[in-house]
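Welcome, and please have the sequence and the 3D view to hand.

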Amino acid sequence: RHLGSGRRAHSAMGRDETGAPMKVTFQVTEDPVEGVELNPLVLTSVLGKVSEDLTYRAYQNTRPFKRQQVLVIGEGRNQSGPSVAHVGSNFGASAAAPSGRFAVAALDRSTGTLELKSLGGSQVIRMLPRVADVDYREAELAADATQEQLASPMTNSQRRQELVEAFGNRKSKRDSRAKSQLKDLVQGVNGGVDVGNVVYTKAKDIQTEDTQRRQIPPHDLKAAEVHLCYPLATMMPSKDFLALPVDSLLQDREGTKLKGWPAELLDRLKASTDTGQRSVDVKRGRCLLMLNYLILFYGGPKKLEPSREDNQGVPERLQGRLKASEGVAEWMLRTFADEIPADEEGGNSRYVRSKLMQDRLVSYILTFWLHLDDFKCHVNPIAKALNTSTKQINEYFKELGCKVTINRSYQGGEAGNKHVLQYDATLHAPLTFPALRRGRQN
């Protein structure tokens with residue numbers, strides 16, 4: 001049954017008897033149902049702020065033993081035009097424990113007393129954005145509600161993705177797009193994608209939740225062999241990886257035409273791509289090309305601006321600087337940078353690489369290097385290529401599930417200094433990770 005409707009809580013400023021500022025919060029109810037006692041409800045939103053442009057209606061379940069169930073629906077239109085809906089309830093999957101304690105203050109002006117009434121958890125409603133033009137009353141309140149009652153042809157994942165695109169912030173939109181891209185890649189892997197002459201046919205165990213929390217590439221916790229722990233087919237779009245110009249690279253193993261390449265990669269070029277096995281050389285050549293792109297991107301500016309002179313966007317500028325394909329440049333921006341939309345319509349977006357994006361970029365660099373060196377890397381040249389300390393690189397390798405050891409057989413040391421410790425990082429299967437730090441989890 002319909003309990004009533006109203007706008008969100010409003011605030012006003014006033015002064016008490018002593019003249020001190022006093023903030024008063026009150027609820028405006030537009031059409032209460034006669035004969036129904038409308039208990040106070042506190043509405044919170046996963047978006048951080050309850051929309052002021054919607055009209056909210058509260059409904060109560062009339063079924064026996066379920067009269068405590070309350071459903072709140074907010075309906076209206078957003079600024080861009082299409083209708084939107086926010087739905088919340090104190091039961092079912094959308095119910096959540098309140099993040100704080102709430103109370104209602106009632107001021108009796110005749111006696112000058114203020115009475116505080118605590119609100120229980122059933123009166124705190126978390127509002128979630130939902131698909132518009134769908135009747136949620138029966139679907140939410142009925143015990144035997146089915147998916148068909150939602151009268152929507154979209155799947156849950158499609159509906160969730162549309163909601164994120166409509167209401168989410170930049171981070172949630174980026175994560176949603178990354179999940180969608182990973183799903184497409186996994187579907188391609190399940191169909192059998194040939195990457196470096198190795199066909200991966202099982203991808204159902206590839207983890208995504210831990211990937212996002214750790215900022216590491218997609219991985220398979222159940223992989224029994226190290227080359228399947230981080231499948232190349234899920235690290236980046238297969239069509240872009242397979243289209244890398246590896247033939248021209250293998251024809252110039254001395255690196256005479258590779259201007260601007262890090263010296264550490266040039267050292268690995270001849271040693272890694274002259275095995276006599278075409279499939280191994282091609283795979284390692286592609287890893288070298290990706291390592292060069294990623295290291296150049298790592299050493300570049302963290303704030304990427306479009307060109308004002310020729311109105312060239314960031315993807316085009318990055319493509320020209322790296323001498324990479326359009327697909328590789330767009331994938332790198334999509335994976336390792338936060339997009340800031342243009343202020344004016346038709347303008348070019350800007351991009352910023354945050355600390356989390358920097359962590360993810362380094363993890364991808366180390367993972368490609370693991371594939372290059374058969375999953376046992378000498379750490380010191382990598383730290384030099386990234387202009388950082390071996391201690392930091394060791395921590396990144398441990399985050400990937402590698403075991404880091406001191407290489408005591410290496411005699412030369414860096415720059416002739418035999419006192420500089422040399423480290424090796426080795427990946428083992430199945431993957432095991434260190435405990436997540438509190439900062440990493442947040």
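## A buried aspartate

Let us begin with Asp240, which is buried: its relative accessible area is 9%, and that falls under the 20% cut-off for a buried residue. Please keep in mind that this is a predicted model.

Asp240 sits in helix H6, which spans residues 238–242. Which residues does Asp240 contact, leaving aside its neighbours within four places in sequence? They are Gly327 and Val328.

## Where H9 meets H11

Val328 also takes part in a contact between two helices, H9 and H11. Helix H9 (residues 278–299) and helix H11 (residues 326–336) pack with their axes 12 Å apart, at an angle of about 50°. That angle makes H9 oblique to H11, and the crossing is right-handed.

On the H9 side, the contact is made by Met290, Tyr293, Leu294 and Phe297. H11 brings Trp331, Met332, Leu333 and Phe336 along with Val328. By class, the residues of this contact are nine nonpolar, no polar and no charged.

## One face of H10

Helix H10 covers residues 314–322, and its buried residues are Val314, Leu318 and Leu322.

After H10 comes Lys323, with a positive phi near 60°.

Note on methods: Residues numbered from 1 in each chain as written. Predicted model: local features only at pLDDT ≥ 70, side-chain atom pairs only at ≥ 80, totals over all residues. Heavy atoms only, no water. Helix = DSSP H or I, 4+ residues; strand = E, 2+ residues; numbered from the N terminus. Buried < 20%, exposed > 50% of the residue type's maximum accessible area, 1.4 Å probe, protein only. Contact = heavy atoms within 4.5 Å. Axes fitted to C-alpha atoms, helices over the stretch in contact; angles between N-to-C directions. Parallel < 35°, antiparallel > 145°, perpendicular 65-115°, else oblique. Left-handed = near helix turned anticlockwise from the far one by under 90°. Nonpolar A, V, L, I, M, F, W, Y, C, P; charged D, E, K, R; others polar.
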